[in-house]
Amino acid sequence: DEFDVVFSLGEINRSPIINIEHKLGLESWCVKHVYAYAYAKILNAKQAKRREDPVLLLRWTQFCLLIAPEVATFWNIRKTLVREGRVNADTDLLLTKLILSRKPKCMEVFQHRKWLFTSVIARTVHHPANGANDMNENNQIGNLDPVHTECIKQFLFTELELCTITANKHQNNYHSWNHRLWVIQQFSHFIGLNDICKLEYETSHSWISVHVSEHSGLHYLQYLLDVIVSIVDDAVVGNLGEIVPYVESVEKLYLRELEFNRDLIEEYKDHEALFCHRRYLLMRLRDRFCSSPQRTCSPPPPALKRSCVETVNSEWSAVLLGERDLINKCMLTKSYQKTLGEKHAQWMNNVVAI
Amino acid sequence: MSGIYWGISAIDLLGQLDRMDRSEIVSFIKKCHDTTTGGFAPSIGHDAHLLYTLSAVQILAILDVLEEVDTESTVRFISGLQNEDGSFSGDKWGEIDTRFSFCAVACLALLKRLDAVNLDKAVDFVMKCQNVDGGFGTRPGSESHAGQIYCCLGLLSITGQLHRVNGDLLGWWLCERQLPSGGLNGRPEKLPDVCYSWWVLASLTMLGRLHWINATKMNVFIMATQDSETGGFTDRPGDMVDLYHTLFGLAGLSLLGESGLKPINPVFCMPQYVLDKLALSVQIMAV
């Protein structure tokens, strides 16, 4: 379940492979020799007129990818072999997972997993693809048989787990969180959003509570909130409480999120990411209040400054008072928090226009 | 291929392009040209991809030898990668990323073949990637990232669509990338990295808001990343030097008006005189 290159001068004449408790290690002295060998073999095979034995290609690319997973050419060879049925998607899922244990933010690895899903796992019938994004149109919720749906669900939950593992291994892991976003989009397409949103809403809050400087994690929560609000607005779900217990309206959801965010800001000082998240919440909430039909404000202008805030809106006023209070508290601290408070005040002035 | 582009651009900024063996480079590029697909590979024997196709064309443009390659096949490669929704895949395997949108459009602009793709849809897709904070990410919904922002703004600049962007909002986000050390990061709470002095400064330049950055401190930071022994630049002071950071350090300095460096074009990240020779202009936001 783990792989890494282990530093060793190779002074003792023995196999460079280390295998302890399901952890695979490779002594560093041999890496460049074996890589050079496998690399030459692969490129020769690509050039040669006759077809190379797939078993060998798989072995060579497997090694090279463990060392250099950023090289797309190696993944492409494996994609071709997967398409030809020479290797199982499962094998590559194992390989990619192993590689991620060493390089948890390698974009090409996540790409390969996405491709395996789109081109193999999600298809009801395996046919030679015209392109990796060419989905069988019938692959939608309700059109799949239960076994296939279950298979897809399993895969997606595995992806979420992998995202969590890789996010924990590397701070602000862009590609890991991007992958997580993609997983939610697949739930939307194949399974349905209600259950996963409920689950992810909880998971996301737990994670954020212990990773307060993670802009990526907070951005993910923003994406999730947007998805939740859209399924409520589109009446896909009866009421918001089905996804977020005890919350009856979208406005109340944002208010609750502002509170959660404020608690974190006050407990964990000096975190810019928390303030960035706050900005998102305020902008969404303002749009919400200002788009309500009872308000007398004009449609949102494209310009930065908004004029609808002047209309009598007690809820929004309360929010603004809360912000003023938070800013004042920040100004009393002696650390970076003071700067963050100042920036927040400036932002409120320039962007929210109060 | 990208390494060559970084090296060539850097040395040209320094006015020393003549030190390079042009024929060797052109020969390498030709070997990397996949005549079946029309695209360029990162190295000999590898698969073609949009990223390296742009790098190859950039190098050829700088060396002023665009005619040495069958660029019509390249145009076909690029146009074949545009999807229904206007986005671009990097290669036939289908991965979508706004970086690829930029590669496609920038490359076609250099080849004077912007007519080969649906620009309106390309722009529409990029706009779908705009976030609440004004920034852009990889795909719709993705987190804002200075590198992706540069790519999206670059595309909008080439297509003359910068007005679609909220310049103040995005400019704000970008200048908040500057840290007390003077260096820039690519996202909130990340460490500064000299390559962001390109992505962020170029983006601010396109938005007409380069002056929102503290240029003096920026300058100090970039200079501090130059290693006095090797002369190369690194991501942050003390780390290993490489070509990538060397180019972007120099490029950032050029944008800030460093004498001794040729002016650089903020969209293409190539010496401005090359774009002038090609009669290629880019849109800059008026403030």
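This is a predicted model: local features need pLDDT of at least 70, side-chain atom pairs count only at pLDDT 80 or more; totals for chains, interfaces and linings use all residues.
Student: Is B:K277 buried or exposed?
Tutor: Residues are numbered from 1 along each chain as its sequence is written, and chains are lettered from A and ligands numbered from 1 in the order in which they are written. Buried is under 20% relative accessible area, exposed is over 50%, and partly exposed is in between (1.4 Å probe, protein chains only). With a relative accessible area of 54%, B:K277 is exposed.

Student: Which residue's side chain meets that of B:K277 in a salt bridge?
Tutor: A salt bridge needs a side-chain nitrogen of Lys or Arg within 4 Å of a carboxyl oxygen of Asp or Glu. Here the N to O distance is 3.4 Å, and the partner of B:K277 is B:D64.

Student: How many residues apart are B:D64 and B:K277?
Tutor: Helices are DSSP runs of H or I with at least four residues, strands are runs of E with at least two, and both are numbered from the N terminus. B:D64 sits in the loop between α3 (50–62) and α4 (71–79) of chain B, and B:K277 belongs to helix α12 of chain B. This pair links distant parts of the chain, and the separation is 213 residues.

Student: Which residues do salt bridges with shared partners join into one network?
Tutor: The structure holds 34 salt bridges over all chains. Salt bridges that share partners make one network of A:R262, A:E266, A:D325 and A:K329.

Student: B:D12 forms a salt bridge with B:K262, so how far apart in sequence are the parts that this pair ties together?
Tutor: The closest N and O atoms of B:D12 and B:K262 are 2.8 Å apart. B:D12 lies in helix α1 (residues 2–13) of chain B, whereas B:K262 is in the loop between α11 (243–255) and α12 (272–277), so the pair ties together parts separated in sequence by 250 residues.

Student: Which residue of chain B forms a salt bridge with A:K46?
Tutor: Between chain A and chain B, the count is 4 salt bridges. In the one made by A:K46, the closest N and O atoms are 2.6 Å apart, and the partner is B:D47.

Student: What area is buried between chain A and chain B?
Tutor: Contact means heavy atoms within 4.5 Å, and 43 residues of chain A are in contact with 33 residues of chain B. Buried area is the accessible area (1.4 Å probe) that two parts lose on being put together, summed over both. Carbon and sulfur atoms give 49% of it, and the total is about 3300 Å².

Note on methods: Side-chain values use heavy atoms; hydrogens and water are left out.
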